[in-house]
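Here is a short report on one structure. Look it over, then read on for its rings, its cores and some contacts.

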Amino acid sequence: AAVFSVSAGKTVLVSPGTSVQPVLGFGLAASFHSKVSGALESQQKGRLGAFGSIDPQIVANLLGRSPMLQHIDFSDSTVVDDKVLYHIGECCPQLKTLSLRGCPHITDIGLDDIARCNLLQRLDLGHCLLITDDGLLSLAKDLARLQLLSVSHCANVTEEGLAAIAHGCPNLVYLDMSHCKKITDRGLKAVLRNCSGMRYLYVRGASNLTTAELRRAERQVPTVDGLPWRDIIAGDVMSTIEDVKLNDD
């Protein structure tokens, strides 16, 4: 596998056959990091390049020379925008993991390009405040293999976008919709109806969901975090996420 990481002002491009445990920091830390580090831990350490600050065009150029990238971490990067996502869609057909968590310049236009990476299995859009249902509709059309998704704190996502994801991405096992206050019962019903393999659901702060629908989720999904009557200790949740096993076929 090959990994590209831009996080907290540092960019690292890692070649196939290298260990990247020191530079990974995904928003869905336990599930993403364990998957990537586990795949690479037996390989030799090494890096192709590291930059304290970087221009988006340089990122794009690096991506263009790295068509075998499978894991990209852009968590909390202020330099990543829709232009970079265009190059990901254009240059990274093998991509399986992408974290855009906390990237303030990502919009629906960029998600339309990301949808071209139809092998994508894990996608973190948490705290991407500009994305809307239109972006999720684009993803739902082409990302049938998606298994882990976070739209946490995406204030403009509603039941329309969530329902589209539920229909287009029926293999979801992990969904974080915490603090999405515009999502209603209709969106959650679509998830419960279409994603029969759902194992981890995060609804904390999704204040537009009724008790009746949350009770239904509690009956169907093994781990539901954020239920007002049954809180789960954060450490216990993260330890269970480490056990998520995805099908890489």
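## A charge over a ring

In this predicted model, the charged end of arginine 215 sits over the ring of tryptophan 229. The distance to the ring centre is 3.9 Å. A charge counts as over a ring if NZ of Lys or CZ of Arg is within 6 Å of the ring centre and within 35 degrees of the ring normal.

## How to read the values

Residues are numbered from 1 along each chain as its sequence is written, and side-chain values use heavy atoms, with hydrogens and water left out. As the model is predicted, local features need pLDDT of at least 70 and side-chain atom pairs count only at pLDDT 80 or more, while totals for chains, interfaces and linings use all residues.

## Aromatic pairs

A pair of aromatic rings is described by the distance of the centres and the angle of the planes. Rings of Phe, Tyr and Trp (its six-membered ring) pair if their centres lie within 6.5 Å; planes under 30 degrees apart are stacked, over 60 edge-to-face, and the rest tilted. The count here is 2 aromatic pairs. Tyrosine 174 and tyrosine 200 form a tilted pair, 6.4 Å centre to centre, with 40° between the planes. This pair links distant parts of the chain: tyrosine 174 is in strand β10 (residues 174-176) and tyrosine 200 in strand β11 (residues 200-202), 26 residues apart. Strands (E, at least two residues) and helices (H or I, at least four) are DSSP runs, numbered from the N terminus.

Tyrosine 174 also forms a tilted pair with tyrosine 202, at 5.3 Å centre to centre and 35° between the planes. Tyrosine 202 lies in strand β11, 28 residues from tyrosine 174. Tyrosine 174 has 5% relative accessibility, so it counts as buried. Tyrosine 200 is buried at 8%, and tyrosine 202 is buried at 6%.

## Nonpolar cores

A nonpolar core is a set of buried Ala, Val, Leu, Ile, Met, Phe, Trp, Tyr and Cys residues joined through side-chain atoms within 4.5 Å. The largest has 60 residues. Those with the most contacts inside it are Phe74, Ile88, Leu98, Leu125, Leu139 and Met177. Several helices each supply at least two residues of this core, including α2 (56-64), α3 (82-91) and α7. Helix α6 gives the most, with 5 residues. Apart from this core lies another, of 5 residues, among them Leu148, Val173, Tyr200 and Tyr202.

## Helix α7

Helix α7 spans residues 185-194. Its buried residues are Asp185, Gly187, Leu188, Ala190, Val191 and Leu192. Their cover includes α6 (159-168), β10, β11 and α8 (211-220).

Valine 191 has 2% relative accessibility, so it counts as buried. Leaving aside neighbours within four places in sequence, valine 191 is in contact (heavy atoms within 4.5 Å) with Leu162, Ala166, Leu175 and Met198.

## Threonine 97

Threonine 97 is in strand β7 (residues 97-99). Its relative accessibility is 0%, so it counts as buried. What does its side chain join? A polar contact of 3.0 Å reaches the side chain of histidine 71, and one of 2.6 Å reaches that of arginine 122. A polar contact is a pair of N or O atoms within 3.5 Å; within protein, one must be able to donate a hydrogen and the other to accept it, and residues adjacent in sequence count only if both atoms are side-chain atoms.

Key
Buried means under 20% relative accessible area, exposed over 50%, partly exposed in between (1.4 Å probe, protein chains only).
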